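Please keep the structure open while you go through the points.

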Amino acid sequence: MYELLIANKNYSSWSLRPWVLMTALGIPFRERQIPFPAGSSYATFRPFSPTGRVPCLSDGGLAVWDSLAIVEYLAERHPGVWPADAEARAFARCIAAEMHSGFTTLRDMCGMSCGIRVRLHERPAALEADIARIGEIWNGGLTRFGGPFLAGATFTAADAFFAPVVFRAQTYGLDFGGASSVYVERMLALPAMRAWYKAALAEPWREAGHEAETLSFGVLTADFRRQ
Ligand SMILES: N[C@@H](CCC(=O)N[C@@H](CS)C(=O)NCC(=O)O)C(=O)O
């Protein structure tokens, strides 16, 4: 059986992608969760992951690291990872790749922290540009392929890649315009997303670096995590 190495569900946006995809698609796997240590996590993850980062999928003795490579590995073995329709599949791959390599301001200023709510101090132009582009992607996909997911009728890797943005929308009160708030609600209601969120709230761990980074960009307005 696959084993998926992940870190804290509260913080680890990259871990969320393959986890939510495999859970939503019913691909069986065993979860190995190792919380972020204080400071550098390289030594902690390196025994299991060649980059010293998470996520990392283990299939027998084979390690597959990096969320995009994991998704492609799974796509070779399981139906439904990418849309069946060629046009929708091209779109899904484009937006997943765009998410994978872009949106650095959103990532930096709005780190994923599922269980808290934050009011940002400011929204600089670069953040507004990331928000506008995500709105364009989401509304474009929903319109072009008819929804209810980004590339059509079924949840695919495209939705998995934007799942961390859905939690960021909830944490930071971000609105991506048009039908995006309906998409956010739909994603938050998915059983796989609810399971991740519930587990994130129950985690006892806090990592000082993640906490400090989030609070450098905004004010904490609520904390629903186990105290
Ligand atoms: N491109 C990688 C990024 C993985 C990544 O940066 N993961 C974070 C956790 S969300 C990590 O392991 N950080 C530990 C570190 O940077 O030391 C992927 O898609 O899997």
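**Notes on the ligand site and the fold**

1. A backbone N or O atom of Val54 lies 2.7 Å from a nitrogen atom of the ligand. That is a polar contact (a pair of N or O atoms within 3.5 Å; within protein, one must be able to donate a hydrogen and the other to accept it, and residues adjacent in sequence count only if both atoms are side-chain atoms). This is a predicted model: local features need pLDDT of at least 70, side-chain atom pairs count only at pLDDT 80 or more, and totals for chains, interfaces and linings use all residues. Residues are numbered from 1 along each chain as its sequence is written, and side-chain values use heavy atoms, with hydrogens and water left out.

2. A polar side-chain atom of Ser67 lies 2.6 Å from an oxygen atom of the ligand. For Arg53, a polar side-chain atom is 2.9 Å from a ligand oxygen atom. The residues around the ligand are Ser12, Ser13, Trp14, Phe36, Ser41, Arg53, Val54, Pro55, Asp66, Ser67 and His100. Here a residue is near a molecule if one of its heavy atoms lies within 4 Å of it.

3. Look next at Pro55. The peptide bond from Val54 to Pro55 is cis, with omega near 5 degrees. Most residues other than glycine have a negative phi, and most peptide bonds are trans. Pro55 sits in the loop between helix 2 (42-45) and strand 3. Helices (H or I, at least four residues) and strands (E, at least two) are DSSP runs, numbered from the N terminus.

4. Is Pro55 buried or exposed? Pro55 is buried, at a relative accessible area of 3%. Buried means under 20% relative accessible area, exposed over 50%, and partly exposed in between (1.4 Å probe, protein chains only). Not counting residues up to four places away in sequence, Pro55 touches Leu4, Leu5, Trp14, Ser15, Pro18, Trp65, Asp66, Ser67 and Ile70. Contact means heavy atoms within 4.5 Å.

5. Asp66 is in the loop between strand 4 and helix 3. Its phi is near 80 degrees, a positive value in a residue other than glycine. Asp66 counts as partly exposed, at 34% relative accessibility. At the start of helix 3, a side-chain oxygen of Asp66 comes within 3.1 Å of the backbone nitrogen of Leu68.

6. Helix 3 (residues 67-75) has Ser67, Ile70, Val71, Tyr73 and Leu74 as its buried residues. Seen down the helix axis, they fall within an arc of 160 degrees, so they line one face of helix 3. The arc is that of the directions from the helix axis to the C-beta atoms. The cover over these residues includes strand 1 (2-6), helix 1 (13-25), strand 3 (56-59), strand 4 (62-65), helix 4 (86-101) and helix 7 (157-172).

7. Strand 1 runs parallel to strand 2 (residues 29-33), and 5 bridges join them. Two strands pair if DSSP finds at least two bridges between them. The chain passes from strand 1 through helix 1 to strand 2, in a right-handed β-α-β crossover. Right-handed means that, with the strands pointing away from the viewer, the path from the first strand over the helix to the second runs clockwise. Leu4 has Glu31 as its bridge partner in strand 2.

8. Strand 5 (116-120) is largely enclosed by the rest of the structure, because 4 of its 5 residues are buried. Strand 5 and strand 6 (residues 218-223) run antiparallel and are joined by 5 bridges. Leu120 has Gly218 as its bridge partner in strand 6.

9. Ser113 lies in the loop between helix 5 (104-109) and strand 5. Ser113 counts as buried at 1% relative accessibility. The side chains of Ser113 and Asn10 make a polar contact of 3.0 Å.

10. Two further backbone points deserve a check. Gly147 and Pro148 are joined by a cis peptide bond, with omega about 5 degrees. Phe103 has a positive phi of about 55 degrees although it is not a glycine.
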